[in-house]
Structures are given as C-alpha cells and as structure tokens.
Amino acid sequence: MAGTGSGAGTGTALETVQADGTEGSCVTFVLHDEDHTLGNSLRYMVMKNPDVEFCGYCITHPSESKINFRIQTRGALPAVEPFRKGLNDLMGVCQHVLNTFERSVKEFRAQKEEEMQ
Amino acid sequence: MAARRSTDEMRDRVVLGEFGVRNVHTTDFPGNYPGYDDAWDQRRFEEAFRVDVIREEEDTLEFDMVGIDAAIANAFRRILLAEVPTMAVEKVFVYNNTSIVQDEILAHRLGLIPIRADPRLFEYRNQGDQEGTEIDTLQFQLKIKCKRNPQAAKESSDPDELYFNHKVYSKHMTWVPLGNQTDLFPDADFRPVHDDILIALLRPGQEIDVLMHCVKGIGKDHAKFSPVATASYRLLPDITLLQPIEDEAAETLQKCFSPGVIEIQNVNGKKVARVANARLDTFSREVFRHEGLKNLVRLARVRNHYIFTVESTGILPPDVLVSEAIKILMGKCQRFLNELDSVPME
C-alpha cells in the first residue's frame, strides 16, 4: 500500500509517494511539468550528499511531462531533507554561475574597450 | 602512484579509445573513491569554478565554463533551446490572400519570422483567451498588393522591372499598436529582426492582407519560439603524447590532427612533435588509422570544462539569453521549494 501526499489546491507540481512502514526515509517525488533539465541536475546535487544511499529519476512515459524522483537515505533521515538541500544547493550553484558569468562578460567587454583605444 | 594517477584520469578525463569512449559518466560521488571527499561543498565549487569569455560578436557568444558538471551544463543548454521565452506570430487573421501561397503555409512562414521584441516586457497569454490584451499581444499587419509597372520597357522580362511589390519581404510587416501600447512603449520599434526575409511572391492583381497576433511562448511548445539559432557545447580536448614522437612520425602526427594542434619543434637537429593547442582539435580520430601512432597518443576530454557556443536569432543578445537561462533554472528550483514549504510533509 502506498500513501500519497499532495498539496491542497489544483494543479500542484509536486506529489510524494511512499510505502507504509518506511518512516519517510525512502520517498518517490512526482514532479509535474519537468524533464531531464531539472531531473538530471537535481539528481547530481542530491547524489553529492553523503547521507543519500540512493537517488535516481525516470520519465514515466515520454508523452507525459512528469518525472519520478526517488531518494533513499541512510539511517532515519527523512528523504525530504536531501531533496530540499539539493534544491537549495542547485539554487546556490545557479546564483554563483550567474554572478561569475555576468562579471566575466563585463570584464571581457571592458578589456575589448581598452584594446580599441 | 600509478593507481592514484589512473583514478585521477577516471575522475577527470573522458578517454576516447579506438573503438569506444571510456569513463563517460560522472563518478565523483561521496563513497565511490576512498580517500576523496566528494560531498558537495559550495566553497570548493566557487574556488574552482570560472567562466572565460572567448569571443563575442553581434549574435554569437563563445565562452568556457570550467569546474561544473555535465548535468548542470546540459540543463543550461536545454533551457537555452527550449525554455527561454520569446515573442512570435501565433494567430494570423487572413482578410484577403489571392497569392499562390496557401493560407496555412503563409501563416506557418509568418510564425517562423523572429520578431525583435523583448519578451520580458510582455506576459503570457491566459489560457482560453481568444482576443488577447495589450499586455500579452503584439499586432502586426501585412498589407501588400502587386501591380503592373506601366513604365516598364516592352520587351523586358525582368520581374523587378515589370511589377511593383512582387516580392513580399518581412520589412513589409508593420506594427499596429493595441490599446495603450503607444504609451507603454513610446520608443519601441517592434519589427522583424531581419528585413529581407522573403515571405511570398506575387504577380499583378494578387494581394495579401493579413493581421497577425504575436504572443509569448517557449521553444518546448513550438520551435518558432526558440531564441537561439543554436546553443551547443563541447568538452575541452586533451591530447597527450605518451612517448616522444620524432621525424617522419611527427609529420604524420601533425597531419592527423586539425591545423594548429600539433607543432613540430627542432630539438638537437631532430624534429620533435609537441601538442601546441589541443582546443582547436575536432577529434577526427585519424591517428587511430596509423598503426605506428595509435598507441603513442592518448585522446581525452576534460570532463568539467565546457566550451559553449550560443548563437542568438537576434531577438536578445546571447549574453542576456544565458543569464535568462540560468534564472529559469533557479525559478524551477524555487517553485519546488515553495511547494515543499506550502505543504506540510509528514
């Protein structure tokens, strides 16, 4: 038997499916309207977490745009924690990449200006 | 020492063998390698990460991203292709079309024309809204009629001389402001990016009179909304000569790679080959066709060094596109973090 948790309201993007008796340490998240773009990058960030025993994602059917994202943790850590940490880490990576990229473009243009003069 | 070196190779090089590619997948996860701490460390990432802009032209940007994993670099590439929004013609209201281009073909062609309009100034159209409002729609008109030129020479057969307006170009599309758009965008000049896109051909008596609605969309929905001509990346090549290669073999080696990769130096009177600039190589694997050379060279790619090339269609400059793509990935993460916080999870 699987217990499903989902948000109130219509069209939520995130559902969880977990089997009874596992105490939340292994959970499958169903992410709607997502594909390899978020799936693979989030999988990488969650796998970098030493508390995670297993992390994988699959696209259930190519006609449906949703992914099953499964996390199993060591010990009794609830699986939502590595999921949340993975999302936060990915945001941190993107923020840093954005700052570094914009800074590099600015420096490159400033350098080109100097060479022109 | 050798064991350590081979694990380093496994961790940071993708090796191109004669018949296959080795070490393709990322394996530096915690617990895979004893003695390495592979847990995620933002500070370590920030120290090792850098972006170098190599070349910037009007619509093309070539830059290097070093120190990031394939999953994230690929996510940026996928978002650049399919999820950065643009404005494109979606609905074409045909009032009169007596040209030989069928209505639906004409509408399809109009949809593919890139429109110079910053999509960040507009909203997405609401689902089910048929007319559109001034905050989500741009209206264009194409009204053109082909006439015979009375002044043309009797025996001329050149269509440019015989007819007026026989070629319908994208420059004939004019912006028709909706509602208060003239106040919202006082200095705006909404038009197709290129003036010389040939839409249809006409002969005297034929005319085209259409009204077009442009909406905001993403490449996932229809490729006409994709803001990049293409966006791609490749990994930095890494060519290592396992033994010194001299004389004739050096000449053959130089011809096996793209020009500029291998240079021949004169050392003690002998010609010695040296890897000058591996970045230029396109890895044709020609070296594997030479029995004497194939075991002396190791072809590999640096796993975390990505050379991105982003070519914009002209709607937004390529550096803006990359910034938008990164923000969209952040937006996706934020959406799920909000979901997690709004729903009490047991």
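Hi everyone. Let me start in a loop of chain B, the one between β17 (270–275) and β18 (297–312), where we find B:R285. Before going further, please keep in mind that this is a predicted model.

As a reminder, most residues other than glycine have a negative phi.

B:N23 sits in the loop between β2 (21–22) and α2 (42–48) of chain B. Phi of B:N23 is positive too, near 60 degrees, and B:N23 is likewise a residue other than glycine. With 22% relative accessibility, B:N23 counts as partly exposed; the buried class would need a value under 20%.

Now to the sheet. In which order do its strands run? Going across this open sheet of chain B, we meet β5, β14, β7 and β11, four strands with antiparallel pairing. The edges are β5 (86–97) and β11 (173–175), each of which pairs on one side only. From one strand to the next, the twist averages 25 degrees.

Strand β7 (residues 138–145) pairs with β11(B) through three bridges, in the antiparallel sense. If you want a place to look on screen, find B:F140, which stands opposite B:W175 in β11(B).

What lies across these strands? Helix α4 (residues 103–111) of chain B lies across β5, β7, β11 and β14 (207–217), and it runs at about 150 degrees to β5(B).

Last stop: a pair of helices from two chains. In general, two packed helices are described by the angle between their axes and the distance between the axes. Here the pair is helix α1 (residues 36–47) of chain A and helix α8 (residues 318–342) of chain B, with axes that come within 11 Å and cross at roughly 75 degrees. Because angles of 65 to 115 degrees count as roughly perpendicular, α1(A) is roughly perpendicular to α8(B).

Which residues make the contact? From α1(A) we have A:T37, A:L38 and A:S41, and from α8(B) come B:L329, B:K332, B:C333 and B:F336. Sorted by class, this contact of α1(A) with α8(B) has four nonpolar residues, two polar and one charged.

Notes: Residues numbered from 1 in each chain as written. Chains lettered and ligands numbered in written order. Predicted model: local features only at pLDDT ≥ 70, side-chain atom pairs only at ≥ 80, totals over all residues. Heavy atoms only, no water. Pairing = 2+ DSSP bridges. Helix = DSSP H or I, 4+ residues; strand = E, 2+ residues; numbered from the N terminus. Axes fitted to C-alpha atoms, helices over the stretch in contact; angles between N-to-C directions. Contact = heavy atoms within 4.5 Å. Parallel < 35°, antiparallel > 145°, perpendicular 65-115°, else oblique. Nonpolar A, V, L, I, M, F, W, Y, C, P; charged D, E, K, R; others polar. Buried < 20%, exposed > 50% of the residue type's maximum accessible area, 1.4 Å probe, protein only.
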